[in-house]
Amino acid sequence: EIVSFEYAIVKSNILIHKGIAVQGNLNHSIRAISKMMVGSCVWIKNLTYKDKKGVIHNNKIGEFKIEKVE
C-alpha cells in the first residue's frame with residue numbers, strides 16, 4: 001500500500017508540475033500523472049509504502065522515472 005511519494009512531471013527538461021502525494025490525495029496525484037503529455041516523464045522519489053505485515057518502508061526503492069511514450 002502506497003503511503004506517500006514526491007513527484008515532478010518534466011517535458012523537454014522543463015518542470016511542468018511538482019508535488020507530494022499522500023494518502024489523502026493519492027488519487028488526485030495519480031490522475032495528474034496519468035494525464036501527462038506524450039514525451040513527458042515523471043520522477044518519483046521518497047516513496048513510502050506499507051508492506052503486507054503493516055511495516056512502513058521509506059525510500060527503499062530509490063528515485064525512478066516513468067516516461068509517457070504513447
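**First stop: Thr48**

Select Thr48, which is buried, with a relative accessible area of 10% (buried means under 20% relative accessible area, exposed over 50%, partly exposed in between, with a 1.4 Å probe and protein chains only). What you have open is a predicted model, where local features need pLDDT of at least 70 and side-chain atom pairs count only at pLDDT 80 or more, while totals for chains, interfaces and linings use all residues. Residues are numbered from 1 along each chain as its sequence is written, and side-chain values use heavy atoms, with hydrogens and water left out.

Thr48 belongs to strand 3; helices (H or I, at least four residues) and strands (E, at least two) are DSSP runs, numbered from the N terminus. Leaving aside residues up to four places away in sequence, the contacts of Thr48 include Glu1, Ile2, Val3, Ser4 and His57 (contact means heavy atoms within 4.5 Å).

**Next: His57**

Move on to His57 in strand 4, residues 56-58. His57 has 15% relative accessibility, so it counts as buried. Show its side chain together with that of Asp51: a polar contact of 2.9 Å joins the two (a pair of N or O atoms within 3.5 Å; within protein, one must be able to donate a hydrogen and the other to accept it, and residues adjacent in sequence count only if both atoms are side-chain atoms).

**Then: strand 1 and its partners**

Now colour strand 1. Of its 10 residues, 7 are buried, so strand 1 is largely enclosed by the rest of the structure. Strand 1 pairs with strand 3 in the antiparallel sense over 8 bridges (two strands pair if DSSP finds at least two bridges between them). Look for Lys11 opposite Ser40 of strand 3. Strand 2, residues 14-22, also runs antiparallel to strand 1, joined to it by 8 bridges, and there Ile20 is the bridge partner of Glu6. In the hairpin of these two strands, with 2 residues between them, Ser12 takes a positive phi near 50°.

**Last stop: the core**

Which residues make up the largest nonpolar core? Select Phe5, Tyr7, Ile9, Ala21, Leu26, Met36, Val42, Ile44 and Leu47, 9 residues in total (a nonpolar core is a set of buried Ala, Val, Leu, Ile, Met, Phe, Trp, Tyr and Cys residues joined through side-chain atoms within 4.5 Å). Strand 1 (2-11) and strand 3 (40-50) are the elements that give two or more residues to this core.
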